[in-house]
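Hello,

Here is the structure I promised to pass on. Please open it and follow along with the notes below.

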Amino acid sequence: MAKKQIILYVVAALFAVSGVIALPSGNITGGIGCIVIAAVCFLLARKPAKEAAGQQEEPRKTGTPAAASGSRIAETIRTKLVGVTFDNEDGENRQDILRTMTGDEDITVEKYTYNGEPAACIKWGNKVLGNLSAELAKDLARKYPQARYTAEILEISGGGGTNVWL
């Protein structure tokens, strides 16, 4: 634990105790103020250093890591979903599906083969939202042939055509 974190936790504890003591003695404003300051100090202590400084943490990019069997490899890739303007096999329009989404939905990545090449589609339940680009799907299949992927929606945007960022 960093020195700064320890100091923030100690300050948070002191303000929390002061706030709790001030409330029963009738000093409501002072007690609430101390508790709010304690909460802010506690939250600042919990944030990673880069985030606390207002910087976004860079996505991790790794080479081709060698992982032991059953271990987890975490490579963060920010990518745009492709094929969102097409209709699904049942005729449902992907754009219509995306318009109903908030971005908080649980999505899955399903690997498959298209024209003899590796591919991966993004699904919400049984509804296809789009695909990873052919180049990315091929690169991931080459690097991590047995891997299972996880994804989350970072942004849904667009006007005439919707863009989805994973």
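Start with helix H2, residues 28-46 of this predicted model. It has 19 residues, and at 1.5 Å a residue they should span 27 Å.

Which residues of H2 are buried? They are Gly31, Cys34, Ala38, Cys41 and Ala45. These residues cover an arc of only 90° around the axis, so they sit on the same side of H2. Now turn to the face of H2 that points away from this buried side. It carries the exposed residues Thr29 and Leu43.

Buried means under 20% relative accessible area. Cys34 has 17% relative accessibility, so it counts as buried. Cys41 has 11%, so it counts as buried too. What about disulfides? A search of the whole structure finds zero.

Next, the second largest pocket. Its volume is about 290 Å³. It is lined by 14 residues, and the closest to its centre are Asn88, Glu89, Arg94, Asn126 and Val128. E3 gives the most, with three residues.

What kinds of residue line this pocket? Eight are charged, three are polar and three are nonpolar.

Best wishes

How values were computed:
Residues are numbered from 1 along each chain as its sequence is written. This is a predicted model: local features need pLDDT of at least 70, side-chain atom pairs count only at pLDDT 80 or more; totals for chains, interfaces and linings use all residues. Side-chain values use heavy atoms; hydrogens and water are left out. On a 1 Å grid over the protein atoms alone, a cavity is a set of points where a 1.4 Å probe fits but cannot get out, and a pocket is an open set with protein on both sides within 12 Å along at least five of seven lines; lining residues have an atom within 4 Å of a point. Grid points are joined across faces, edges and corners, and a volume is the space filled by probe spheres set on the points. Helices (H or I, at least four residues) and strands (E, at least two) are DSSP runs, numbered from the N terminus. Ala, Val, Leu, Ile, Met, Phe, Trp, Tyr, Cys and Pro count as nonpolar, Asp, Glu, Lys and Arg as charged, and the others, Gly among them, as polar. A disulfide is a pair of cysteine sulfur atoms within 2.5 Å. Buried means under 20% relative accessible area, exposed over 50%, partly exposed in between (1.4 Å probe, protein chains only). The expected span of a helix is 1.5 Å times one less than its number of residues. The arc is that of the directions from the helix axis to the C-beta atoms.
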